[in-house]
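Please take a moment with the sequence and the fold before reading on. The paragraphs below are meant to be followed with the structure open beside them.

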Amino acid sequence: MQPKIIVCGLGRTGSKIYSLLKQQGAEVVAVSERPVDRFPSKQIIVGDPRNNTTLIQAGIRHATTLVLVNDDDALNLAILTQAKVLNPQIRIINRLLNHTLGDRLDLTLPDHFTMSVAALSAPLFTFAALGNKAIGQLQLFNRTWPIQEEIIDRDHPWLGIKLNELWDNPNRMLIYYLPVKGETDLVSAVKQGSRLQLGDRLIVGTKPNVVTKRRSWQKKILKAILNLPRYQHYARPVTLVSLALLTVIFIATLIYVSVNQQISIPDALYFSVGMITGAGGKEEVAEGGSDYIKVFTAIMMIVGAGVIGICYALINDFVLGSRFRQTLDAARIPRQNHHIVCGLGGLGIKVASQLHAQGHEVVVIESDPNNRFLRSARSKRIPVIIEDASTPSTLKAVNIKRATSLIAITSHDTTNLEISLTAKALSPYIKTVVRSGDPQFAQSMQEVFEFDHVLSPVELATYSFAAAALGGRILGNGMTQDLLWVALATMITPRHPFFGQNVETAAVKGDFVPLYLERKNKTLHNWQLLETSLQPQDILYLTMPASGLNQLWRNPSSDDLMLDRLEDSFNY
């Protein structure tokens, strides 16, 4: 029987996770603070999840996994502490907005795994911006691979090709196979040389390409020069006041020289600057002059004090405030073939960072000058423009007409819609990726406005939460035809169900697909992997339906079953 799972929080995310777990046949109980009509009452415990009585009623003492998916970090932490007191051995899958705190908890508490909706969904937004229609992601060889579902139709280039021809490719991972006829598993189909037929479905992971950055100093200087018109937006007040100050000094110098021909231009300039700034010097220029010159000097002192005060204030704000930083960012705005990220929240910073790390040009538009991710983005040398992304002038300033994609991922659906429509009006063929909090609204928005992709972070992340709740450290997951499959790494021990078996035999019996095997810092894959016999200390990377994970729980009390003790990733 599969381990018992408790889900705390039946909001939009929690409800989806609960439904997915029930769909995969897991024994799951939900805890909700309020009655929920859409689920049978026997499966829902209504009460305060921070209360011991509520948790005990939900079966916390005998549960194996607790999934905390409330939007409130404080509430999740309160439930966590009570649950650990009642059942110190329970696994915790914790949704936290505070990533730093989550990392600390992962290091401090055994069997505590922090998960974030933003972190889980960000790669799929990135893939969409790059043109990949991914249904999931896979962490392999220290990279995030996009996972796609290939539906074999009459025009598909793989129609009629043998699966074993696709198997032996280091840049492609065959994840799962759903034949239109029969129930042949992928490994058997590969060994038999089966051909892809019309209607077959093949889930494939593709190695991501990283663009090599080679930017010469000449290109950087050229970009800065071409962006000169943008500088005036931020430096204009300082420039105008500075010009006013120089004009006052020039007029004063000219008058002193014209009135008294015996005064040299340097002496007149020196006195004018000292008089206006208050530093003094060469006072004889005015003291020896007429009463008109003395009155003019007094007026210039008053005017100069005002101009100097304003100038100092603007320069101080420009250098110490945000305008100087924004001016530098304006110099780095890409000219073409770049990606525009609108919204610098938890999701926005991850998408921008991932695109930047893969070598793509990125510019971010954010309306809040106090955004907490500004420092992080600028430390990566990602230009951030503090403006309203829904206005045409802002989008024109970031060269929307020559951009590759626009990714609208603010926290407000209506704002994202407005930004995307404005972008389409300015550049009809630009690729648009839009965030929507409501999955149903996302689907209708894409159909009505014909955006390239409208994605819901909650919809994308819930599969990962459900997969993690079913067991172990999940390296990737996806959903197709109501089938939730997961990618994971499992260490082979003498008590492991796969111990001593040939990988091909174990894969056929267990209905999983082996990806590769780590043995003594060596990596085995493709045909060599299928012929390998599993030995202790081997780490096998595989994919399988989530409903099939119960075979790994054959002896859940064994200390040798280390599925849930593995690190997040293993070095290639």
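Predicted model: local features only at pLDDT ≥ 70, side-chain atom pairs only at ≥ 80, totals over all residues.

Residues are numbered from 1 along each chain as its sequence is written, and side-chain values use heavy atoms, with hydrogens and water left out.

Helices (H or I, at least four residues) and strands (E, at least two) are DSSP runs, numbered from the N terminus, and two strands pair if DSSP finds at least two bridges between them. An open sheet of 6 strands is arranged in the order E3-E2-E1-E4-E5-E6, and its pairing is parallel. Its edges are strand E3 (44-46) and strand E6 (112-115), each of which pairs on one side only. From one strand to the next the twist averages 20°, where axes are lines fitted to C-alpha atoms, for helices over the stretch in contact, and angles run from 0 to 180 degrees between N-to-C directions. Between E2 and E3 there are 3 bridges in the parallel sense, and Ser-32 has Val-46 in E3 as its bridge partner.

Helix H4 (residues 99-108) lies across E5 and E6, and runs at about 160° to E6.

In the loop between strand E4 (65-68) and helix H3 (73-86) sits Asn-70. Is Asn-70 buried or exposed? Asn-70 counts as buried because its relative accessibility is 14%, given that buried means under 20% relative accessible area, exposed over 50%, and partly exposed in between (1.4 Å probe, protein chains only). Leaving aside residues up to four places away in sequence, Asn-70 touches Cys-8, Gly-9, Leu-75, Asn-76, Ile-79 and Arg-95.

Strand E11 (residues 338-342) and strand E14 (residues 405-408) run parallel and are joined by 4 bridges; Ile-340 has Leu-406 as its bridge partner in E14. Cys-342 is buried, with a relative accessible area of 0%. As for disulfides (a pair of cysteine sulfur atoms within 2.5 Å), the structure holds 0 of them.

How are two packed helices described? For helix H1 (residues 12-23) and helix H19 (residues 457-470), the axes come within 9 Å and cross at roughly 50°. H1 is therefore oblique to H19, since angles under 35 degrees count as roughly parallel, over 145 as roughly antiparallel, 65 to 115 as roughly perpendicular and the rest as oblique. Residues making this contact include Ile-17, Leu-20 and Leu-21 of H1 and Tyr-463, Phe-465 and Ala-466 of H19.

Beyond H1, the loop between H1 and strand E2 (27-32) contains Gly-25, which counts as exposed at 53% relative accessibility. The C-alpha atoms of Gly-25 and Ala-546 are separated by 9.2 Å, although these residues are 521 apart along the chain.

Two further residues deserve a look for their backbone. Glu-450, in the loop between helix H18 (439-449) and E16, has a positive phi of about 60° although it is not a glycine, and Glu-450 is exposed, with a relative accessible area of 63%. Asn-526 also is not a glycine and has a positive phi of about 60°; Asn-526 is found in helix H21 (residues 526-530) and is buried, with a relative accessible area of 12%.

Conventions
Contact = heavy atoms within 4.5 Å.
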